[in-house]
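I opened a new notebook page for this structure. The entries below are in the order in which I looked things up.

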Amino acid sequence: MDIFESIQVRNHEQVMFCYEPSCGYQGIIAIHDTTLGPALGGTRFWNYKSTEEALVDVLRLSRGMTYKAAVAGLSLGGGKAVIIGNNKRNDREAVFRTHGRFVESLGGRYITAEDVGTSPADMDFVHFETDHVTGLQGLSGDPSPVTAYGVYVGIKAAAKSRWGSDSLSGRSVAIQGCGNVGRWLASYLHEEGSTLFVTDVDDGKVKRLVDATGATAVDPDTIYDQSADIFAPCALGAIVNDKTIPRFKVEIIAGGANNQLAEARHGKELESKGITYAPDYVINGGGLINVWGEINGWTSERSKKKAAEIYDAILKIFAIAEREGIPTNEAADRLAEERVLAVRAMSKMWLSRARR
Ligand code: NAD
């Protein structure tokens, strides 16, 4: 694999390989694009089989963060970090303080946060070495209520586009996953008078949600066959694939899970089947908005207000899809790219105190 070639393919600005032999730390920090602001994205701690696998993951994830921040209307660019190794290891202080020192060396061009395999306690170790870290214990806290609120307004926008009214009262929604996002989403929908079908591999979580909202429990394997107006995936990625698409009996797919389409072509296939798809990284942008709120010292109410703008973003994306004759997942990318290009064009004017 040619490293510069893989960096060029996705237009990355900078990729830093980091090593500290004393604790066997090996990390990669990828900065995709800082046109809109400092590159923000979590640190993933994973036992990658090879350096190549780790590099591909960090390049893909950091690019995704540029797009997510751009459509959320934030002054943030996209970045991501990976640490290669066993994420259950006990000597976390050495690993994460080392990581923090490398993050600090970038002088704020990259801001890190928690991700798969890391915890808020790990981020506290990072914080010993750098201020360029978010998601710390005792600050903005669990992002799920804001994420779920963004998903809720995104579903309303999809309903508006599909049925001419954004009321979800009397609409049926099948929710996959009764975890943090799923249960908050269920509570917003229940409050509005939606009929809910819920599933999870954890029976206890299903029971709690059924008791709280009067939802009907569905087997995890049959959720894709559930007749409903809306399917809201809030658990796994890649659940829109060759096997599930023929089974869906819904008009809208809109939920909080990351990477819902197994492959980009599945967006086109949903369109062909007449299913309205709200692109995942747009509708679940509330988590990133919550982090942005932490950086700016916002109250959770203010973050929620910003997340409410997801409604307009979804409508804008549907309008682009219609105008250009492209699937909504491609239209989301178009919206993100248009914003980055517009801001980049603006920066030709010299200002002594410009942000960049
Ligand atoms: P979570 O771990 O709290 O909940 C996920 C739930 O899915 C768990 O209850 C789990 O038991 C269930 N689950 C796992 N496999 C399942 C299966 N096969 N069928 C049914 N249920 C299954 O996670 P979360 O924070 O609620 O996040 C849910 C999704 O949303 C993830 O894809 C996450 O990446 C994404 N997301 C979350 C946030 C956030 O703020 N938490 C932000 C953006 C995106």
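How many bridges join strand β1 to strand β2, and do they run parallel or antiparallel? I found 7 bridges between β1 (residues 14-20) and β2 (residues 25-33), and the two strands run antiparallel. Helices (H or I, at least four residues) and strands (E, at least two) are DSSP runs, numbered from the N terminus. Strands pair if DSSP finds at least two bridges between them.

Before going on, I noted that this is a predicted model, in which local features need pLDDT of at least 70 and side-chain atom pairs count only at pLDDT 80 or more, while totals for chains, interfaces and linings use all residues. Residues are numbered from 1 along each chain as its sequence is written, and side-chain values use heavy atoms, with hydrogens and water left out.

Entry: the hairpin. The strands β1 and β2 form a hairpin with 4 residues between them. In the turn, G24 has a positive phi of about 70°.

Entry: the open sheet. I read the order of its 6 strands as β9-β8-β7-β10-β11-β12, with parallel pairing. At the edges are β9 (216-217) and β12 (276-277), each pairing on one side only. Strand β11 (residues 252-253) pairs with β12 over 2 bridges, in the parallel sense. There I253 has Y277 of β12 as its bridge partner.

Entry: strand β7. I counted 5 bridges between β7 and β8, which run parallel, and I175 stands opposite V198 of β8. In β7, 5 of 5 residues are buried (under 20% relative accessible area; exposed is over 50%, partly exposed in between; 1.4 Å probe, protein chains only). In a regular strand the side chains alternate between the two faces of the sheet. I found both faces of β7 covered, with S172, A174 and Q176 buried on one side and V173 and I175 on the other.

Entry: helix α6. Its 13 residues (180-192) should span 18 Å at 1.5 Å a residue, and the end C-alpha atoms are 19 Å apart, which agrees. The expected span is 1.5 Å times one less than the number of residues. I listed V181, G182, L185, A186, Y188, L189 and E192 as the buried residues of α6. Seen down the axis, they fall within an arc of 165°, so they line one face of the helix; the arc is that of the directions from the helix axis to the C-beta atoms. They pack against α5 (144-163), β7, β8, α7 (203-213), β10 (230-233) and α11 (300-307), with contact meaning heavy atoms within 4.5 Å. After α6 comes G193, with a positive phi near 95°.

Entry: aromatic rings. I found 11 aromatic pairs in the structure. Rings of Phe, Tyr and Trp (its six-membered ring) pair if their centres lie within 6.5 Å; planes under 30 degrees apart count as stacked, over 60 as edge-to-face and the rest as tilted. Y67 and Y281 are edge-to-face, 6.4 Å centre to centre with 85° between the planes. Y67 lies in α2 (residues 51-71) and Y281 in α9 (residues 280-283), so this pair ties together parts that are 214 residues apart in sequence. Y149 and Y188 are also edge-to-face, at 5.5 Å and 70°. Here Y149 belongs to α5 and Y188 to α6, 39 residues apart. I noted one aromatic cluster formed by Y149, Y152, W184 and Y188.
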